[in-house]
Amino acid sequence: MNEQNELNRNPLIDAALKLYVILAYLFVFAPILASFVFSFNSDRFPSIPLGHFSTEWYRAVAADPLVWEGLRNTLGVGAAVGMISTALGFGAAYTDYRYRFFGKQVYLALALLPPTIPVVIMGLAMLAYLSRIDLSGNALSVIIAHVVICAPFAMAVIRLRLSQMDPSLEPAAWNLGASEWATMRHVIIPFTRPAILGALFITMAVSFDEFAIAWFVSGLNETLPVKVLGFLQGQVSPRINAIGTFVFVTSMTLVILAQLLLSGRGPATDKE
Amino acid sequence: MQEPLVSFEGVAKRFGSYVAVQKMDLQIHKGEFLAIMGSSGCGKTTTLRMLAGLEAPSEGVIRLAGQAINDLPSWSRDTPMVWQSLALFPFLNVIENVEFALKMRGIGRAERRRRAEQWLERMQIAEFADRNIAQLSGGQRQRVALARSLVVEPEILLLDEPLSALDAALKVRMQSVLKNLQRETGITFVYVTHSQSEAFSMADRVVIMSRGKIEQIGTPQEIYRTPRTRFVADFLGSSNIFPGQLTRDAGGRAAIATPSGDFVLAGGGQGATPGQAASLIVLDTKMQIHFQPPPDAVNTIEARMIGEEFIGATATIYFETGAGQEIRVQKSHEELADLPLAVGRSFHLSWSPADGHLVPE
Amino acid sequence: MRRPVSLYGLTFSLPLLIWQLLFFVFPLVFLVALSFWTVRNFRLEAGFDTVNWVTMFGRPVFWQAYATTLAMAAGAAALTSALAFPCAYAIAFKLSPAARRWAVFLMVIPFFTSYLVRVYSWQVFLSDVGIINVMLGWIGLGPFRLLNTIGATMLGYMTLGFPLVVLLQLFSLVFVDRTLIEAAHNMRCGRLRTVFAVVIPSARVGLVIAALFSFILCFGDFVSPIYLGGGDPTTLSILITDTTKSGQQWPRAAVIALTMIATLMVVAFLAVRFAYKGRTK
């Protein structure tokens, strides 16, 4: 904390540490910025010195009908994943907030673990399982797989908001004559609304991000795991920069929207 | 006597192996201001929450207006509560908060607005009707919380340490607001607090609880003058407690033998049997201080002064007897003016047998 | 009134439970079953045969890949933690609250850019005619072979883990009681010693968890080893994709996947135990 006693600080060490922070952020942002820059660069094999400014990769992407189909699919899947994940995540967050029960640890583990399982393994297991129960090979299977990964994020965001709620608020509503369902509608949901919308956007962004690249690049109507496996064997072109930049801008828009909602303007976040 | 508004009949509450409230019987009368007082964990809040339907009693029956309400969910009881945190809905403005209970009862928009406005008026916060809760001061929020609970015009209002978040001056002002409100509306108030001054200044009757058990029920005067148990005497803090054994003095009078000396009891010791362990309770205001040994006093002790404390018009002087017992004496400044008070100096303390009473050990 | 089971409660708790059972637990369980199936004439046949386990565990290439993956993921976790710590420390203790909020916000951004895109971008830096070699060329050095090396894979792993590790470390450092540090200074504990004697032990749980996450991410990652490491040495994730491709050997891929999960569980268990060692909670 910088209001700490000045006596115990060494300006040289502080400056060195701050320089280190800047270097760390350079490392993190170098690939992101490079991708952005080279998406507007004419060269087929990007490097420096830069070629001339060009929107050729964007045009190439835009001219590809498969890309447009991919975009439609991605958006559709993203919207579905966002809504289902948020609904499931809300239920789980509320369950954790409100109830104690035998086996709750297991319940929470189920709710939160999926993102820690490596994508390769999840992909393999999903693909094998879903094809077994005849669910593979369509957008539905992608939605299913993504909800498994995204619901935990939605739960975390909404649970955080619930933990900011005065624990007396819900019983206070019951006490004033609101049934559990009425309390849900008139108290819990209004209170968590910013987090619900935030979770919606964040899960959409996660889904969009995971899905878009694979779909855009291979452009085929396959399931996600197949596509990821297939894509890895295939070739990439600077088009991926254009797509990546587009996806990034879209995701960030969603995330910033979520952030605005979560950090709350106006009455939604009371400090009491 | 008329039927009580609320009665707890053998009500107990356990959380697992932890006993929050031991089997208890309590009647709350219509129109009274009842305070339930005790330190944290004594079961006072659990008692209130059982009445509000937020905790189910482990055994016993709770009746409201004669009807058993054990199985009634919280939202079907008319037992509105003012919460320690106030629990105002932050996403609703002032008047929407007040309207909430009416809305849940299916009352039409115009009617509920009218009734809410009436209560805002009454609580003198009408001008804040459209404000957000976050924009209000502590005292204003308090009034909103009261209006929100009272708008349904209940027979009983539960208050769970509602003043604990306020500063001292505001607390005193809100106490008189609450007391007046209770008097004007005639609504039964059940007020849970850990503060003796709040309970004693507002309540008609006070219930003192400890470890899930009712220690004493009575008017503030009764409890203050004659604490019935050692715990109550200790808890109120204004009594001197002499633990000892009942005996007879040389003259055959009932007395108690304590490490600090033998003291005579009034009225033959209330039928106590000699040999029994008991504690003598003497209020700090009933103790007299003398520099010279008082010639005619029955009960006296010599004690060394160890400290003094001035609060407003009165002073509390602390003494220690030879046996190590601490004694407090409260006096006005005038009464102390003639005494050569100094820490370390010895004095003689006395009291009349009529000012002491026994509590069981 | 709190009844543990009610229609109301179940409405909220059951959907996620059912979903994760159906689409998370069952697939993993199915993976176990699959590992005992056999492949005949490029067709899967259900059954119970330990042949896949015996075959896979009997292959040196499997154990080689296993050792490689374990070592590389552990190395990446250690390296990322060590490099991230000064950064997290500086953000936690040396920046103003406003700057700290910005730092956190910026560190979150990478999560919303595709990892794949970032790895592809590193190729542009590292290739033989890439940015770094061109710059080295200006001062008469190189070109060096940077791409398709273990170093490049590590760079990819760091790209994957660094932001998360910084954030997790940061969150545990922010909660270190400042008075502990002042008390240490007060007892003549020097600056650097305070970091090792007070700050790191106080934040241990968070630091270990951060390293664990880095390990988990790298252990299962297939993008960096292929795109930056050139597929050599072979990691378990590459082995899975290869096995799946070659002759539909799904059961054998399942064996690898299950071995990976078991390893992750053991590592996670040990890490959590180490993190909370000597704590009452």
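Helix 1 of chain C, spanning residues 7–34, has a kink of about 40 degrees at Ser13(C), shortly before the proline Pro15(C). Everything here comes from a predicted model, and the predictor gives the complex an ipTM of 0.87 and a pTM of 0.83. Below is a quick tour, beginning with chain C and its confidence, then moving through chain A and on to the strands of chain B.

- The average pLDDT of chain C is 87, and 97% of its residues score at least 70.
- Within chain C, helix 3 (residues 60–94) has the highest mean pLDDT of the elements, at 94, while strand 2 (residues 43–45) has the lowest, at 78.

**Chain A: helices throughout**

- Chain A has 10 helices and 0 strands.
- Of the 272 residues in chain A, 48% are buried.
- The UniProt record, an unreviewed entry, places the feature "transmembrane region" at six stretches of chain A: residues 20–40, 75–94, 106–129, 135–158, 195–220 and 240–262.
- In the model, residues 20–40 of chain A are 90% helix and 0% strand, with 30 Å between the end C-alpha atoms.
- Residues 75–94 of chain A are 100% helix and 0% strand, and their end C-alpha atoms lie 28 Å apart.
- Ala172(A) sits in helix 7 of chain A, which covers residues 169–175.
- Why does Ala172(A) count as buried? There are 29 other C-beta atoms within 10 Å of Ala172(A), and the cut-off for buried is 20 or more.
- Ala172(A) and Ile32(A) are 140 residues apart along the chain, and their C-alpha atoms are separated by 49 Å.

**Chain B: overall layout**

- Chain B contains 9 helices and 20 strands.
- Its two domains are domain 1 (6–225) and domain 2 (238–360).
- The centres of domain 1 and domain 2 of chain B, taken over C-alpha atoms, are 40 Å apart.
- Along the principal axes, the C-alpha atoms of chain B fill a box of roughly 80 × 45 × 40 Å.
- Buried residues account for 40% of the 361 residues in chain B.

**Chain B: the opening hairpin**

- Strand 1 (residues 6–15) and strand 2 (residues 18–28) of chain B pair in the antiparallel sense over 7 bridges.
- Ser7(B) has Gln27(B), in strand 2 of chain B, as its bridge partner.
- These two strands form a hairpin with 2 residues between them, and Gly16(B) in the turn has a positive phi of about 60 degrees.

- How many of the residues of strand 8 (residues 188–193) of chain B are buried? The count is 6 of 6.
- Both faces of strand 8 are covered, with Thr188(B), Val190(B) and Val192(B) on one side and Phe189(B), Tyr191(B) and Thr193(B) on the other.
- Strand 3 (residues 33–37) of chain B runs parallel to strand 8 and is joined to it by 5 bridges, with Met37(B) partnering Thr193(B).
- Strand 7 (residues 156–160) of chain B also pairs with strand 8 in the parallel sense, over 5 bridges, and here Ile156(B) partners Thr188(B).

**Chain B: an open antiparallel sheet**

- In chain B, 5 strands make up an open sheet with antiparallel pairing, in the order 15-19-16-17-18.
- Strand 15 (288–290) and strand 18 (326–332) of chain B stand at the edges with a single partner strand each, so one side of each has no neighbour in the sheet.
- Neighbouring strands of this sheet are turned by 45 degrees against each other on average, ignoring direction.
- Inside the order, strand 16 (residues 299–311) and strand 19 (residues 346–351) of chain B run antiparallel and are joined by 6 bridges.
- Glu302(B) has His348(B), in strand 19 of chain B, as its bridge partner.

Technical notes: Residues numbered from 1 in each chain as written. Chains lettered and ligands numbered in written order. Predicted model: local features only at pLDDT ≥ 70, side-chain atom pairs only at ≥ 80, totals over all residues. Bend = angle between axes of the 7 residues up to and from the residue. Helix = DSSP H or I, 4+ residues; strand = E, 2+ residues; numbered from the N terminus. Domains from an automatic or database assignment. pLDDT = per-residue confidence, 0-100. UniProt positions renumbered as here; feature names shortened; annotations may be inferred. Pairing = 2+ DSSP bridges. Axes fitted to C-alpha atoms, helices over the stretch in contact; angles between N-to-C directions. Buried ≥ 20, exposed ≤ 12 C-beta atoms within 10 Å, placed from the backbone.
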